[in-house]
Amino acid sequence: MKKWALAAILAAALISPGASAFADPAGTVYTVGNPDTSDWFVWEYPDDARAMGTAIDASFLLDEEAGEHGFVKADGENLIFENTGEKVRFWGTNVVMQANFLTHAESDMLADRIARSGFNLVRFHHLDINRADNIFAKGAVTTTRKLDPNQLDKMFYLMAKLKEKGIYFYVDLLVMRPPMPADNLNGYDGLSLGWKPHNIYDPQLIELQKEYAQQLLSTPNPYILDGEGQPVALKDDPALVFIDINNENSLLQIPGGDMSNAYYKQMYTQLFNNWLKQKYVTRAELEAAWQEPGKVGLESGEDPAAGNVNIVGDGSQALPALYTTLNYSGARKQDIFNFTYDTIYAFFDDFRHYLKDELGVKALITSTSMGGPTNKRGTTVHMNTQIMDYTDTHSYKSHPSPNTWGKGGKLTSWTSGSIVGGGELYRSTPWLRGFDQPYVIGEWQVCSPGPYSAEGILMQSAVASFQNWNPIQFDIFSEPAIDKTMGINRFFISYSSADQSTIQPAAGMTFLRGDIREAEGQFYTIYDKNDVLDPKIYTSAYLLGFENAWMYTKVGMAGKENLDENENMTPEALEEAFQKYKRNDPGKDIDWNKRMGVFRVDTAYTNIATGFIGGKTIPLSFADISLKNPSATISLNSVTKETLADTDRILLTAVSKARNTGMVLTDDGMEIVNPGTGPMLIEPITADLVIKTADAITVYALDSSGQRKAQVPVAKTAEGYSSFSIGKEYKAVHYEITK
């Protein structure tokens with residue numbers, strides 16, 4: 001494959017309109033926050049065991065058992081099985097906090113849902129959080145030096161059930177580990193949840209992280225046995241694909257107060273001064289290097305030999321904002337950033353060697369999954385392409401702020417992704433892929449209770465397929481027990497969310513079967529370490545890149561250190577990529593009309609129309625769709641490995657909005673007034689469909705467990721095709737079409 005790269009950085013802005021009443025492209029005006037739900041129907045929790053084998057079951061695309069083809073390894077940007085060389089991609093979900101430690105019966109139920117939804121990977125996240133039952137204890141934690149065997153047993157059982165269903169694992173090592181007095185931490189008073197960012201440079205904390213990793217990865221799982229009947233540890237299980245050393249951690253962006261503790265302030269300052277002594281032979285050399293008219297270089301009284309050259313101030317002000325406040329010279333800032341980068345690099349490089357060389361871990365490893373501001377992530381991408389196996393970033397649409405469910409909880413944006421090109425999901429995510437390296441979106445979500453969740457999930461399956469990403473939705477479950485009476489009670493959860501859970505099988509089928517062809521070529525911004533550490537670049541939107549290039553070809557960031565001379569192409573490469581995209585024969589798999597707010601997927605296996613498709617007929621190769629609602633997501637998926645034309649079974653999913661009973665939002669839909677309760681209500685979809693086949697078809701409305709509950713009348717068109725209508729009388733999201 002030819003690889004293209006671009007040295008210029010082109011900034012772009014995305015517009016996110018907001019109003020309490022919204023006019024869609026067809027002119028229909030409606031209230032976003034509180035639509036009329038008088039004709040909506042109650043969504044019943046599915047019985048997932050009963051749903052297995054029905055039309056809403058995507059598990060037929062999973063492996064017979066996770067790990068059956070050997071360990072997964074990186075091959076350029078691809079993931080392949082070690083034993084067969086076959087390419088694999090992962091469409092995953094997060095299991096969070098106490099949901100990792102369910103009863104065995106509840107783990108069976110959760111594993112059924114995950115498999116049926118078409119997820120082939122689970123990220124085990126927030127194992128160490130203290131605000132819920134965790135890996136250290138059920139209930140109050142006294143020490144984090146020892147993993148609780150009963151909690152491990154519960155998690156190991158869930159892993160075994162997932163492995164049996166062909167679902168692989170991703171494990172975080174440090175997320176929100178609490179500082180505990182019994183752990184005898186030297187800087188206990190200066191630590192917050194997760195020990196961040198001090199865990200990167202404090203030798204004691206580093207050793208304790210290694211101790212935790214050893215216990216987690218080396219303890220045999222009694223529910224997973226090798227060929228000789230012996231329990232298998234995680235590190236030796238080919239079902240373990242990814243390990244993230246730290247979740248969302250960096251020294252390059254430190255909140256005010258996190259460096260105020262005297263112990264850590266002194267330690268970090270001394271490390272910086274030691275670094276300066278290695279770089280500069282004398283104080284005079286350092287003073288000369290930092291001089292800049294009108295700026296503060298080396299101040300009188302500062303001397304690396306005395307260990308008092310400032311890097312954190314009094315610790316009360318955020319970094320790196322402090323350096324601008326103190327008017328530091330460019331050279332001083334550059335040295336601070338280089339020292340910070342080198343400190344981060346040394347920690348993650350050492351930890352990776354510990355996992356690989358001392359523990360014998362065979363899974364792929366990354367440094368830190370990236371959240372937060374885009375402009376701090378470039379350093380992580382650069383480092384990962386040098387020493388790590390893959391890069392992981394996080395991306396949210398409508399991320400809540402504050403993240404508190406209930407009255408006053410707020411979303412940041414409700415705008416339809418079909419109109420604004422995916423909004424937050426694709427503003428920076430495409431550009432943070434490391435060159436020639438697998439790319440994982442370890443957390444992504446179109447948060448509830450927004451009106452476009454179903455749309456966003458199908459769009460992500462399509463875009464990630466096109467870009468060759470591995471997305472992991474956040475999250476499917478985070479509760480201590482499964483309660484089928486609850487509605488949505490968190491912004492992120494999908495297990496109890498009617499719109500999200502009903503679209504997941506269609507999204508899983510689309511992604512796992514490889515229905516959408518990958519983009520041709522690659523188009524990368526080129527940078528080196530100095531670029532990502534330059535203060536002028538670091539404090540800008542350097543990595544936002546060129547809007548919409550990712551719609552034409554694969555994009556990302558390429559370090560000069562990773563490119564051969566012949567791979568440094570000119571900006572004309574983008575135009576060449578665009579022309580290839582337009583010439584894609586027999587047609588584009590993805591058609592995105594942002595002006596009209598319509599997103600379509602048209603392949604031999606899947607036909608999708610989503611967005612503001614009401615009042616118009618959407619022609620696709622296998623079906624014509626005429627929607628009566630203002631907006632909806634409608635998907636037709638082959639429920640076999642055959643094409644829509646050849647299969648004898650098709651899943652039709654028709655979904656739009658869902659909300660709790662009694663839920664009240666502000667008119668703009670961005671703040672919760674009353675969260676309501678279960679059961680969830682779901683908007684009925686009214687549409688006419690023409691299925692373009694001469695074969696006789698039968699159409700059934702399905703209940704939430706995939707069981708046939710009513711037959712839908714079918715008529716013949718003049719062309720010999722079959723036509724039928726769906727509507728509120730069926731109280732259904734899913735329909736099964738048989739031939």
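**Burial, Helices and a Pocket in a Predicted Model**

Biologist: Which residues is Ser369 in contact with, leaving aside its neighbours within four places in sequence?

Modeller: In this predicted model, Ser369 is in contact with Arg123, Asp244, Asn246, Asn247, Glu248, Asn249, Asp392 and His394, once its neighbours within four places in sequence are set aside. Ser369 itself is found in strand 14, residues 364-369.

Biologist: Why is Ser369 called buried?

Modeller: The relative accessible area of Ser369 is 0%. A residue counts as buried when this value is under 20%, and therefore Ser369 is buried.

Biologist: What makes the pair Ser369 and His394 a polar contact?

Modeller: The two side chains make the contact at 3.4 Å. The cut-off for a pair of N or O atoms is 3.5 Å, and the value for Ser369 and His394 lies within that limit.

Biologist: Why is helix 3 described as mostly covered?

Modeller: Twelve of the 16 residues of helix 3 are buried; among them are Leu152, Met155, Phe156 and Tyr157. These buried residues pack against strand 8, helix 2, strand 9, strand 10, helix 4 and strand 11.

Biologist: What is found at the start of helix 3, and what comes just after it?

Modeller: At the start, a side-chain oxygen of Asp148 comes within 2.9 Å of the backbone nitrogen of Asn150. Just after the helix, Gly166 has a positive phi of about 85°.

Biologist: What makes Asp202 a cap of helix 4?

Modeller: A side-chain oxygen of Asp202 lies 3.0 Å from the backbone nitrogen of Gln204, at the N-terminal end of helix 4. Helix 4 covers residues 203-218, and its 16 residues should span 22 Å at 1.5 Å a residue; the end C-alpha atoms are 22 Å apart, so expectation and model agree.

Biologist: Which elements do the buried residues of helix 4 pack against?

Modeller: They pack against helix 3, strand 10, strand 12, strand 13, helix 5 and helix 8. The buried residues of helix 4 include Leu205, Ile206, Leu208 and Tyr212.

Biologist: Why is helix 12 said to be largely enclosed by the rest of the structure?

Modeller: The reason is that 15 of the 15 residues of helix 12 are buried. One of the residues in this helix is Phe466, whose relative accessible area is 9%. That value is under 20%, so Phe466 is buried. The C-alpha atom of Phe466 is 8.3 Å from that of Thr553, although the two residues are 87 residues apart along the chain. Helix 12 is followed by Asn468, which has a positive phi near 65°.

Biologist: What is the volume of the second largest pocket, and which residues are closest to its centre?

Modeller: The volume is about 370 Å³. Of the 17 lining residues, Leu61, Glu86, Lys87, Val88 and Leu512 are the closest to the centre. Strand 7 and helix 13 each supply at least two residues of the lining.

Biologist: How do the residues of that lining divide into nonpolar, polar and charged?

Modeller: The lining of the second largest pocket has seven nonpolar, three polar and seven charged residues.

How values were computed. Residues numbered from 1 in each chain as written. Predicted model: local features only at pLDDT ≥ 70, side-chain atom pairs only at ≥ 80, totals over all residues. Heavy atoms only, no water. Helix = DSSP H or I, 4+ residues; strand = E, 2+ residues; numbered from the N terminus. Buried < 20%, exposed > 50% of the residue type's maximum accessible area, 1.4 Å probe, protein only. 1 Å grid on protein atoms, 1.4 Å probe; cavity = no way out; pocket = protein on both sides within 12 Å on 5 of 7 lines; lining within 4 Å. Points joined across faces, edges and corners; volume = space filled by probe spheres on them. Nonpolar A, V, L, I, M, F, W, Y, C, P; charged D, E, K, R; others polar. Expected span 1.5 Å × (residues − 1). Contact = heavy atoms within 4.5 Å. Polar contact = N/O pair within 3.5 Å; in protein donor to acceptor, adjacent residues only side chain to side chain.
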